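This report concerns aromatic pairs, the nonpolar core and the surroundings of a ligand. Please consult the sequence and structure below while reading.

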Amino acid sequence: MHLATSVALFALGALVNAQSNDDNALGIAAIEAHFSNADLVPSLIPSFDPSAVMTVTFPGVGAISPGQSLSKDQVAPTPQVSLVPANSSVTLQGNYTLVMADADIVGTDESVGQTRHWLVNGVTLAGTSPLNVSTSGGVAVTQYAGPAPADGSGPHRYVILLLPQPSTFSPPANLTQPNIGVSVFHLTDYITTSHLGPPVAAMYFDVQQGTATVTPPQTSPVVSSTLKPATATSSSPGSSASSSSTSSSNTAVRFGGATLALPATFFAMLVYACL
Ligand SMILES: *[C@@H]1O[C@H](CO)[C@@H](O)[C@H](O)[C@H]1NC(C)=O
Ligand SMILES: *[C@@H]1O[C@H](CO)[C@@H](O)[C@H](O)[C@H]1NC(C)=O
Ligand SMILES: *[C@@H]1O[C@H](CO)[C@@H](O)[C@H](O)[C@H]1NC(C)=O
Ligand SMILES: *[C@@H]1O[C@H](CO)[C@@H](O)[C@H](O)[C@H]1NC(C)=O
């Protein structure tokens, strides 16, 4: 077998092992990059420092990727949501709030609020890794309502977030009862006034109907080769832009449809180990 091939396969094996050990740092880095590049951070939420990677699975579609374009029909049924913690040090327990909001097209003034498509308080997590998000024991303030953006209004970004719900949780009086229909609320005001914690995990997808009569501003794609696993020292908000270790080059590895990056030094070490 060609050396490069064996090195690549060996690296892939190491990656699979790392993933099965819940070392999901690259997944964390990727979703952070997606939220920044889609301008969900800071326009919708001021910052995003997740401790788990969220998987959203629609019946008939499967697990979606961040920003995936889906049709109204594909997102009509309620999705399943699960989490893979960043690593074995992350403990996720207690009550959470699950929310889905329409952040509209890129460039939208989010201060005017978002359409609330799903809001469940008292959500719990079942299992270990992945952890299933269970809504059955919670209060479904707004039942899942599949997106139906206006014809021609462009690709709307639908964001699903899971937020820790402390014992001091106090939702606004008009959002405490079950079965309140879809309406506009203000996501970050809701998070703040309810005393919810920052999102532990989030995901988003796009839905568009008809031909857009508006052109959203261009966003940058996530360049996986520049991703760096979040570490204890580099995960603080705002530190990524000024990261001092940007000079080391990364090598992209295509794995299960998602492009992941491994530092070139890692490959160099593997080559060395093979000789
Ligand atoms: C979760 O919510 C339930 C129902 O409100 C409550 O009884 C329970 O104490 C909460 N658990 C935690 C860990 O806060
Ligand atoms: C999580 O959900 C999946 C899909 O419904 C199911 O197969 C699995 O048994 C669930 N795991 C737990 C721990 O509830
Ligand atoms: C709840 O009250 C807020 C503030 O008074 C208001 O802006 C919002 O429209 C109300 N929401 C619902 C669902 O009635
Ligand atoms: C585990 O993941 C969290 C969230 O990304 C991170 O803050 C922490 O530094 C990680 N811990 C270890 C031991 O890697």
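## Aromatic cluster and ring pairs

In this predicted model, one aromatic cluster is formed by F35, F48 and Y204. The count of aromatic pairs comes to 6. One of them joins F35 and F48 in a tilted arrangement, with 4.7 Å from centre to centre and 45 degrees between the planes. This pair links distant parts of the chain: F35 belongs to helix 2 (residues 25–37), whereas F48 lies in the loop between helix 2 and strand 1 (52–58), 13 residues apart. Both F35 and F48 are buried.

The pair of W118 and Y144 is edge-to-face, because the ring centres are 5.1 Å apart and the planes stand at 80 degrees, and an angle over 60 degrees counts as edge-to-face. Here too, distant parts of the chain are linked: W118 is in strand 6 (residues 114–126) and Y144 is in the loop between strand 8 (139–142) and strand 9 (156–164), 26 residues apart. W118 and Y144 are both buried.

## Nonpolar core

The largest nonpolar core has 54 residues, of which F35, M54, L83, L162 and F205 touch the most other members. Neighbours within four places in sequence aside, the contacts of L162 include M54, L83, Y96, V123, L125 and V200.

## Surroundings of ligand 2

A side-chain N or O atom of Q80 is 3.1 Å from an oxygen atom of ligand 2, and a polar side-chain atom of N132 lies 2.3 Å from an oxygen atom of ligand 2. Taken alone, ligand 2 exposes 360 Å², and the protein buries 34% of that area.

Technical notes:
Residues are numbered from 1 along each chain as its sequence is written. Chains are lettered from A and ligands numbered from 1 in the order in which they are written. This is a predicted model: local features need pLDDT of at least 70, side-chain atom pairs count only at pLDDT 80 or more; totals for chains, interfaces and linings use all residues. Side-chain values use heavy atoms; hydrogens and water are left out. A polar contact is a pair of N or O atoms within 3.5 Å; within protein, one must be able to donate a hydrogen and the other to accept it, and residues adjacent in sequence count only if both atoms are side-chain atoms. Accessible areas come from the Shrake-Rupley method with a 1.4 Å probe; for residues, only the protein chains shown count as cover. A nonpolar core is a set of buried Ala, Val, Leu, Ile, Met, Phe, Trp, Tyr and Cys residues joined through side-chain atoms within 4.5 Å. Buried means under 20% relative accessible area, exposed over 50%, partly exposed in between (1.4 Å probe, protein chains only). Contact means heavy atoms within 4.5 Å. Rings of Phe, Tyr and Trp (its six-membered ring) pair if their centres lie within 6.5 Å; planes under 30 degrees apart count as stacked, over 60 as edge-to-face and the rest as tilted. Helices (H or I, at least four residues) and strands (E, at least two) are DSSP runs, numbered from the N terminus.
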